Amino acid sequence: MSLSSDDNRNKKMFLNSIALISQEVLEASILISILMALTKQLELSSRWAISALLIGSLGAYIYGLNIGNISEWFDYVGQEIVNACIQIAIVMLMFIATFLYSRSIFNTKKYGQTLFIVNATAIVALAIVREGAEIYNYLAGALTHAEYLVSVTTGSIIGTGIGVSIGILFYYALGAITGKRRHIIGLILFSLIAGSMTSQALLLLNQADWIPSTPILWDTSSLLSEYSLTGRLLYGLIGYEATPSILEFFGYLTTVMIMLFIGIKKTPKIKCLDEKINT
Amino acid sequence: MSSIRTFLILSVVATLVLFNFIAAIQGYSSSMKEAELLFDEKMLNTAKLIANLHVEGNASNIEHTSTIAFQLWKDNKIIAASNNAPDTPIADFQPGYGYINFDRHRWRSLGYYDRKRNVWIALAERDDIRSLLAENVILKSVYPILLGIPLVSLLIWLIIGYGLKPLRQLANELSNKKNNDLTPIAAKESTKELKQVTTSINSLLQRLDTTLEREKLFTADAAHELRTPISALKIQLHNIKQEIPTNSDALKQLNDGVNRMHHLIEQLLLLYRTTPEELSKDFSEIDLYTLTQNIIAEHYSGFEKKQQNIELIGIHSKINGNTFGLTALIQNLLNNANKYTPKGGDIRITLEETESKYSLRVEDSGPGIPIEARDQVFERFYRHKNQQAIPGCGLGLTIVKHIADLHGATIKIENSSFTSGCAITIEFRRQ
């Protein structure tokens, strides 16, 4: 007796929608919050976020619309490869943003600020393309069943509400931290998100069989499931994974180290600047 | 935090949404569990009912829905079954609930034993349909939360806006205050928290007013008091010049010192006379070109002495201003140009008119003002280290800025169109 694959999926469409949408929105909203907090610290306008949201949404729609064709690329692993490339591109842009941010504090030259804003716009737009396309695909599939329209729509609204609300509160919480501490916390969070992006990219490349599988390093799913609300929040924040492979962990750690190296390199000057301001 | 209102609205609404939505998920989960129990109880009642039907053979004639299937087993043989049930048992021969997969669906199953008739009733209900039915009912309790959020957000927006009204009024009152208005703020509809702020601001304004008044009086009195002895000194100096040789170094230095002191006192007096309350009393229409022409003519000897080429280009443009103030402004600009332009250098005054403004531009071929010092030159007694050798007291451009501000004009310093030197442009708004 075979079981319809739809049955289990459809059983909890409401909760599934909340889980998927909130995770995707949360990832993007935390990234926007950190970048907006950094922009604010540099006393730059945050209007770039609106452009990034619009460009990203349009990109996500186009990507989602063509996902069928893209999936057929590279022997039917096109989606994994494109997503991995987007993640790697975001990490590279985050390296540049950290470099500019660490130096912009002292160097208020116009082109440095413009470059930082363009960079931040690109990071957020690409993240939205990636997350938005996932949401688009999910909704496009789920909403073909008229009977699940209500539960999917309600779940999506709640998921979006949770993701956006955490993003807003996170932005204000970061804003409440002052001085050098904000720089350090912002840098650490930014590094952890970059690490998470690298780890995701490696997982996708592994799924596409482009890189070899490595053994699982640990399993904390019994302690904290990736699918619980806390697990999802930590996934969005620091890229928490209950069962990471050695390669994913190595990629994560390397990215974090590089990011901290770029960002911390100039930190002593902040001390000098603070002292100067205080005197 | 760019706006207290935005911060309060966003953070309150975000917290509200977060907690309400998490509560809705919790409510949904516990209601779904309750619904499962209810459906299970209904299944048990249905099983008991089937046990009492006394049906034998295929039960296809029994009205049932495709979402429910049942079998009646006796001595390991089916004695009755719904036509959608398979031949194999759809529940264990043990009392209780479980799950089973058949007919391409997942079913909730129940095994029930009827002792009287010695039959097992195996009942199954489509699990997805049960969930869908329960979800549709439970989600109805979530709608008010979803629909209520925009309404509550609107209310929060209005309430916070109303709550911040006194603060907005205070901010408006402060921003509407003129530069020279140091009168206390009226505390209309002041709240307990703002009363303290208003009291502190008023106390500060009062202290500021007293200090400024004292400073003004001191400057004016000191300048007035010093003017007489300086005049006496100058006369005595003139007399000494008649008696001792004119090429005496000591006498020359004394003469320069007295002149510098005289200039400083005159500038201090000018600064006092160009205070807003003094100047704003007497505004009239002034032809800037004629005024500049007259000032050049008046001071021509100074330019001639240094063999400087001075030219005035422009049109006759009339602006609303104070003659005394504008004379002092142009005099100071020309005096600076004369002082800093070397012998045989060039000075150009240009008067231009656009749709929205009149501009007065004084350019010279002197050493110019370094970019980093351009904001500081308007500060009182500021003198750039490169200009210490040229006599001056550092009040000229302070007076210029002071008078320009009073006329609502803007002032900017750029490089001049000559090979060196600076260009100071004063832009007056057209009425």
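Me: What should I know about conventions before I start?
Reply: This is a predicted model, in which local features need pLDDT of at least 70, side-chain atom pairs count only at pLDDT 80 or more, and totals for chains, interfaces and linings use all residues. Residues are numbered from 1 along each chain as its sequence is written, chains are lettered from A and ligands numbered from 1 in the order in which they are written, and side-chain values use heavy atoms, with hydrogens and water left out.

Me: How many residues of chain A and chain B are in contact?
Reply: In chain A, 28 residues are in contact with 31 residues of chain B, where contact means heavy atoms within 4.5 Å.

Me: And what is the area buried between them?
Reply: About 2,600 Å² is buried between chain A and chain B, and carbon and sulfur atoms give 72% of this area. Buried area is the accessible area (1.4 Å probe) that two parts lose on being put together, summed over both.

Me: Which helix of chain A gives the most to the side that touches chain B?
Reply: H8(A) gives the most, with 12 residues.

Me: Where do Asp40(B) and Arg108(B) sit?
Reply: Asp40(B) is in helix H1 (residues 4-51) of chain B and Arg108(B) is in strand S5 (residues 105-114), 68 residues apart. Helices (H or I, at least four residues) and strands (E, at least two) are DSSP runs, numbered from the N terminus.

Me: Are Asp40(B) and Arg108(B) buried or exposed?
Reply: Both Asp40(B) and Arg108(B) are buried. Buried means under 20% relative accessible area, exposed over 50%, and partly exposed in between (1.4 Å probe, protein chains only).

Me: What about Arg361(B) and Glu414(B)?
Reply: Their side chains meet in a salt bridge at 3.0 Å, N to O. Arg361(B) counts as partly exposed because its relative accessibility is 22%, and Glu414(B) counts as partly exposed at 29%.

Definitions and conventions:
Salt bridge = Lys/Arg side-chain N within 4 Å of Asp/Glu carboxyl O.
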